[in-house]
Amino acid sequence: YFKKFQYCGYAPHVRSCKPNTDGISSLENLLASIIQRVFVWVVSAITCFGNIFVICMRPYIRSENKLHAISIMSLCCADCLMGIYLFVIGAFDLKYRGEYNKHAQLWMDSIHCQLVGSLAILSTEVSVLLLTYLTLEKYICIVYPFRCLKPRKCRTISILVLIWIIGFAVAFIPLSNKEFFRNYYGTNGVCFPLHSEQSESSGSQIYSVVIFLGVNLAAFIIIVFSYGSMFYSVHQTAITATEIRNHIKKEMILAKRFFFIVFTDALCWIPIFILKLLSLLQVEIPGTITSWVVIFILPINSALNPLLYTLTTRPFKEMIHQVWYNYRQRRSKRDKGSQRAYGPSFIWVEMWPMHEITPKVKKPVLCTDSSEASVTTQSTRLNSCT
């Protein structure tokens with residue numbers, strides 16, 4: 001019986017050696033479970049494809065709010081790093097398949113593991129900070145419309161650059177001082193520093209707690225509070241409006257979008273917060289839980305952010321319908337031997353979509369909504385913020 005399962009490799013002739021896994025890795029494989037070995041590729045593919053698709057499509061969605069589009073593309077770049085992280089873990093799992101124990105310690109001490117772990121933290125922190133920034137921007141615009149200053153390109157780009165600098169600092173500071181942090185990223189086979197083991201250095205534990213229970217928890221609370229306040233503000237406006245039915249319908253659409261954004265954030269971060277609290281209380285946490293958190297729970301936001309912030313929005317849907325409409329027009333005119341169809345240009349204002357488009361587009365549509373989250377009495381508010 002050893003403290004770590006890797007030590008069993010030094011006793012090959014022992015009939016039964018325990019433990020033979022730490023819940024994440026086994027003597028044979030970097031990822032012990034067949035489910036994890038399969039889904040690490042599935043989640044990686046979904047995350048990378050979704051975010052790359054949005055990055056490629058964003059330039060084709062013409063928008064008055066160019067700065068918002070830049071922020072969304074920056075968010076997709078951060079989320080895509082999480083897919084790359086999972087891809088690398090899956091690749092090294094294939095490399096060490098069947099003989100992982102021979103390479104386990106070398107892998108966890110290697111520069112590859114350190115860089116992969118840094119990539120995961122960089123993706124996580126930049127994504128969290130960007131979501132917080134986008135939320136606060138909408139919060140000020142909706143709840144305090146008369147205080148809303150039109151964002152300038154210089155200010156927005158400066159904030160985005162600052163967020164990425166903070167992300168790089170948080171991710172790579174543990175690599176700068178080995179004596180204080182020790183092997184910060186190399187505590188498990190997936191190189192993610194949840195640090196549930198009490199044997200780790202105090203520096204590593206303090207730093208991990210500050211990041212996960214300090215920065216990330218504060219960001220999560222800000223996001224929940226902001227969306228709650230935004231919904232309450234729209235709800236109060238709808239109560240005093242005259243067209244009750246239309247406002248109720250718009251309010252429900254807005255409530256659904258707010259709910260799913262807050263729900264995915266909660267689904268991603270609450271389990272991690274609980275794990276860190278249990279770790280502080282010196283509760284023993286099985287390694288299996290850590291592996292499931294890293295592969296299934298942590299990438300939830302990275303995989304769903306393209307869906308929530310781009311693929312389900314009105315500008316994207318109408319662009320797809322318009323492309324299909326133009327294609328059918330060109331095909332119809334080509335069959336008739338006439339000239340090519342003219343593809344009109346569009347300007348989409350994107351904040352929060354309120355109206356579902358019709359399934360069949362009969363003619364080109366020019367979108368003039370000032371905001372996807374606007375109700376009739378709030379159109380003036382959001383106009384000033386786009």
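This is a predicted model: local features need pLDDT of at least 70, side-chain atom pairs count only at pLDDT 80 or more; totals for chains, interfaces and linings use all residues.
Reader: Where do C113 and C191 lie?

Author: C113 is in helix α4 (residues 111-143), while C191 sits in the loop between α6 (178-181) and α7 (202-239), so the pair ties together parts that are 78 residues apart in sequence.

Reader: Nice. And is that disulfide left-handed or right-handed?

Author: Left-handed, because the torsion about the S-S bond of C113 and C191 is about -120 degrees.

Reader: Are those two buried or exposed?

Author: C113 is buried, at 0% relative accessible area. C191 is buried too, also with 0%.

Reader: What about C154 and C268, buried or exposed?

Author: C154 is exposed, with a relative accessible area of 59%. C268, on the other hand, is buried at 1%.

Reader: OK, switching to aromatics. How many pairs does a search of the whole structure find?

Author: The search gives 19 aromatic pairs. One of them is W41 with F87: the ring centres are 5.4 Å apart and the planes stand at 90 degrees, so this pair is edge-to-face.

Reader: Which helices do W41 and F87 come from?

Author: W41 belongs to helix α1 and F87 to helix α2 (residues 66-95), so the contact ties together parts that are 46 residues apart in sequence. W41 is partly exposed at 29% relative accessible area, and F87 is partly exposed at 44%.

Reader: What is the geometry of Y139 and F225?

Author: That pair is tilted, because the planes are at 50 degrees, with the ring centres 6.1 Å apart. Y139 lies in helix α4 and F225 in helix α7, so parts that are 86 residues apart in sequence are tied together. Y139 is buried, with 12% relative accessible area, whereas F225 is exposed, with 52%.

Reader: Which residues form an aromatic cluster?

Author: F180, F181, Y184, Y185 and Y207 form one.

Reader: Last topic, the surface. Which residues form the nonpolar patch?

Author: I34, I35, V38, F39, V42, I46 and W292 do, with about 590 Å² of accessible area together.

Reader: Which helix gives the most to that patch?

Author: Helix α1 (residues 34-57), with six residues. I46 is in helix α1, and its 47% relative accessibility is why I46 counts as partly exposed.

Key
Residues are numbered from 1 along each chain as its sequence is written. Side-chain values use heavy atoms; hydrogens and water are left out. Patches are made of residues with over 30% relative accessible area and no salt bridge: like charges are joined within 9 Å, nonpolar side chains (Val, Leu, Ile, Met, Phe, Trp, Tyr) within 5 Å. Accessible areas come from the Shrake-Rupley method with a 1.4 Å probe; for residues, only the protein chains shown count as cover. A salt bridge is a side-chain nitrogen of Lys or Arg within 4 Å of a carboxyl oxygen of Asp or Glu. Helices (H or I, at least four residues) and strands (E, at least two) are DSSP runs, numbered from the N terminus. Buried means under 20% relative accessible area, exposed over 50%, partly exposed in between (1.4 Å probe, protein chains only). A disulfide is a pair of cysteine sulfur atoms within 2.5 Å. Rings of Phe, Tyr and Trp (its six-membered ring) pair if their centres lie within 6.5 Å; planes under 30 degrees apart count as stacked, over 60 as edge-to-face and the rest as tilted.
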